[in-house]
Amino acid sequence: MLFRTNSKNEQDELQSENIPRHIAIIMDGNGRWAKKRALPRVAGHREGMKAIEKVVKRASNLGVEALTLYAFSTENWKRPKSEVEFIMKLPSQFLDTYLPGLKENNVRITTMGDFESLPEFTKSAVSKAIDDTSQNNGMVLNLALNYGSRKELVDAVKGISQSVLDGDLDIESINEEKIEGHLYTTELPDPDLLVRTSGEQRLSNYLLWQLAYAEFYFTDKLWPEFNAEALDEAIMEYQHRKRRFGGL
């Protein structure tokens, strides 16, 4: 089966049997989008919410199993206080507007990161969305909020160490499977495709373990410019790659 893409080239078609199971996205460039238009940075974040809605809808329609969005990193607290406060309100604003559509599209919302350190109004909005979509069995929309991969790995090491101290786990039995069982993404497949917008080409402390064999796709588009057509282009590039996982 072939999916007609949103590309201007009508010959472009996506192979339904080769859609990434899990796509991870670093949504970069909101501030630069706003600066180019002589707007405050928060205007870029607001426009970025519209891009999220377009990408989530297209990914769900294509049959992607999981979409993980890097919404706020543990390093983002270093930004100006006013910008951080605005970003913390975005989940509530996004969900107030788009939650009915997400429920209609059978999307299930999850989150990962240091959730308890988020402001109460952020936690409340996200918790409600998680509860309201908990019975959905379609695509998982996983929001990385206050997330940092190094902290995730530290937490995994602590969890495994505690199991050893408690006598529930032998050191010799620690393997990749045991480590993966202590990661925030334990219920999700590893990402097949990483997308980063705005031209930057680094991981920024994002899913360092899980992206070991992902295909990387970098685009100069700023996140507010990213849409269904841009997602199709990323997946098309993914489908042209040869994934060998260390083999021939």
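This is a predicted model: local features need pLDDT of at least 70, side-chain atom pairs count only at pLDDT 80 or more; totals for chains, interfaces and linings use all residues.

Author: Two strands are said to pair if DSSP finds at least two bridges between them. The strands concerned are strand 7, made of residues 193–196, and strand 8, and they pair in the parallel sense over 4 bridges.

This pair belongs to an open sheet of 6 strands, whose order is 5-6-4-3-7-8 and whose pairing is parallel. Strand 5 (108–112) and strand 8 (215–218) are the edge strands, each of them pairing on one side only. Between neighbouring strands of the sheet the average turn is 20°, direction ignored.

Helix 4 packs on the sheet, where it touches strand 5 and strand 6 (140–147), and the direction of the helix makes about 135° with that of strand 5.

Helix 4 (residues 120–132) also packs with helix 3 (residues 81–104), at an angle of about 15° and with the two axes 8 Å apart. Because angles under 35 degrees count as roughly parallel, helix 3 and helix 4 are described as roughly parallel to each other. Helix 3 passes helix 4 in a left-handed crossing. In their contact, residues of helix 3 including Met88, Leu95 and Leu99 meet residues of helix 4, among them Phe121, Ala125 and Val126. The residues of this contact divide into 8 nonpolar, 2 polar and 4 charged.

Note on methods:
Residues are numbered from 1 along each chain as its sequence is written. Side-chain values use heavy atoms; hydrogens and water are left out. Axes are lines fitted to C-alpha atoms, for helices over the stretch in contact, and angles run from 0 to 180 degrees between N-to-C directions. Helices (H or I, at least four residues) and strands (E, at least two) are DSSP runs, numbered from the N terminus. Angles under 35 degrees count as roughly parallel, over 145 as roughly antiparallel, 65 to 115 as roughly perpendicular and the rest as oblique. A crossing is left-handed if the near helix is turned anticlockwise from the far one by less than a right angle, and right-handed if clockwise. Contact means heavy atoms within 4.5 Å. Ala, Val, Leu, Ile, Met, Phe, Trp, Tyr, Cys and Pro count as nonpolar, Asp, Glu, Lys and Arg as charged, and the others, Gly among them, as polar.
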